[in-house]
Amino acid sequence: MNGRRVFLVAFLVTAAVWAGVAVPWASTARAPGPAATPGPGASAGPNIAVEGRDRAAGRQALGLAWSSTWSATVPKGSAVPYRALGAGRCAELFRWATGRSAVARGTATAAFTLTAPEDRGLVVRSLRVVKGRELPPPEGTDVECLGAADHGLPQSMESWGRLSLDHPRELKLSRSAGPGGTVGGVIETRTADCSCEWWIELEVWEGDKRRTVRIDDAGAPFTLAPPVARIGTPADGGALKYGTTDLALAREGGAADRPPKGLSVSASRLLAGNLQEMWMVADRELPEVGRLTANLDVPGAVCQHVERILVADGALPAGRAAYAVSIVDPSGRQDLDGIVDVSLNVRKTVRQGAPPTGYGCYPDKWVLRSNDGQTAGTARLSGDTPHLPVLSGEPVRLTRETEGAPATDALFLGVEAWGPDEVEYHFTLDVTVVDGSGKRARHTVDDAGRPFVLAARPDGMAPRHEKHASYETGHRLGG
């Protein structure tokens, strides 16, 4: 090609449908594909490099991230693995789903960059999404992620707009890059009733030459299908605003569950905040943590990012954790007063095999309590206690933050676990809500269909007990 550069690398797309609003999320890396294939009458610029952005592989970055919800349908024939469901598993669920040609539902979000030739700049003048051939509606397992954090794209990555496959239009733009520079953005594509292929076409001026550049999936069209019924409950979504981790969900066979008519209740673990220490255990050493903690002089940032990496890789909280119990009334009734009782159903297990790898991170001026400023009560797990009350008669008031929104409230509880390295506690929550009229509703709450797990931490609170312990202020304490 006489030194000309035309290539499309790992262009990435995912689905997001959350309360009628779609927002971008992280996707996983794919191998570099062949050159972008122009659509009918289109020509790719011979000197313009087009690159997709990998937004999951870079989750160890310190940049801020968008939060989002996405959904897709995985073709029949594959059961969702245990490791890809539950709190903090959205990245794993996405890797698994995209590796099996999952079809985005309702909304797809694409991010890309264009690099200008070294000797002249480029200007993007317009963008459109092109609808290809229609496809049969996908059948299989619906998957959904609530609240995933996108650490792979800089927050400065600009949104170029939202376009619909149902009502195509051209988006006029004026975006430029100087010689050797880059320009890029995020485009959101929606559909209400189209199960079809699609791609993006850009009108680009390179000097005085007009080009049409096609953005697609490594030479093949993207796919998109109409939205599906939500898998997560209103309470699952409501818990996100309290600092809980993301939640990966699946629904076998694509059958839509009926939305709850009464109260919706869920529980999620809170991520650690500023000035809160973090303890976790993993079944292997994670090199990503070592790379992130190579420079610890970033108070208030490192520990939070270490925790997100550990959660995404399946590590377990240890020693102490706080949980938000979210209560939502989706019926549209007025504000509701009530009381709540919470107890734990606990099963103690002993981890088999090699001892776990322990991680501890201590912020500058760290304190020995995790989210205790919010907790209404704390349960201490030790020995063999199958049923453990935590809260009794705790008042709640469900209120609507905006007109037409469901009434919500949350309460917070702490759980502590102590003992030898190999001990783990698996538990579910019994939540009983009594409204002002005396009506009782009992809910059994778990982690996306399986128990919550909290690993024990050896007695003693000094940092020396962690196998890999770090202060954010630059001190490595072990490992």
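User: Which residues of helix α4 are buried?

Analyst: This is a predicted model. The buried residues of α4 are V302, C303, H305, V306, E307, I309, L310, V311 and A312. That makes nine of eleven, so the helix, residues 302-312, is mostly covered.

User: How do I read such a pattern along a helix?

Analyst: An α-helix has 3.6 residues a turn, so residues three or four places apart point the same way. Then turn to this case. Burial in α4 takes in nine of its eleven residues.

User: What covers the buried residues of α4?

Analyst: The cover includes strands β5, β17, β18 (278-282) and β22 (357-362). Helices α1 (90-98) and α3 (287-292) are also among the covering elements.

User: What happens just after α4?

Analyst: G314 takes a positive phi there, about 90°.

User: β5 was in that cover. Which strand do its bridges join it to?

Analyst: β5, residues 86-87, is joined to β16 by two bridges, and the two strands run antiparallel. A87 has L247 as its bridge partner in β16.

User: Is β16 largely enclosed or open, and why?

Analyst: Count its buried residues. Four of the five residues in 247-251 are buried, so β16 is largely enclosed by the rest of the structure.

User: How do β20 and β25 pair?

Analyst: They pair in the antiparallel sense, over ten bridges, with β20 spanning residues 320-329. For a reference pair, take R320, which stands opposite E416 in β25.

User: How do I think about side chains on such a strand?

Analyst: In a regular strand the side chains alternate between the two faces of the sheet. T408 lies in β25, residues 407-417. T408 has 14% relative accessibility, so it counts as buried; the cut-off is under 20%.

User: Which residues is T408 in contact with, leaving aside its neighbours within four places in sequence?

Analyst: The contacts are K241, Y242, I327, V328, R397, L398 and T399.

User: How should I read a nonpolar core?

Analyst: In soluble globular proteins, nonpolar side chains tend to be buried together. Here the largest nonpolar core has 34 residues. Those with the most contacts inside it are L344, L381, F427, L429 and V431. Elements giving it two or more residues include β17, β20, β21 (336-350), β24 (387-398) and β26 (423-435). The largest share, six residues, comes from β26.

User: Which residues is V431 in contact with?

Analyst: Beyond its neighbours within four places in sequence, V431 is in contact with V265, V325, V340, D341, V342, A441, R442, H443 and V445. There is also a second, separate core of 28 residues, which includes A108, F112, V183 and F222.

User: One last feature. How many residues lie between β13 and β14 in their hairpin?

Analyst: Two residues lie between them, and G207 in the turn has a positive phi of about 65°. β13, residues 196-206, is joined to β14 by seven bridges, antiparallel. W205 stands opposite R210 in β14. Five of the seven residues of β14 (209-215) are buried, so this strand is largely enclosed by the rest of the structure.

Technical notes
Residues numbered from 1 in each chain as written. Predicted model: local features only at pLDDT ≥ 70, side-chain atom pairs only at ≥ 80, totals over all residues. Heavy atoms only, no water. Buried < 20%, exposed > 50% of the residue type's maximum accessible area, 1.4 Å probe, protein only. Pairing = 2+ DSSP bridges. Contact = heavy atoms within 4.5 Å. Core = buried A, V, L, I, M, F, W, Y, C linked by side-chain atoms within 4.5 Å.
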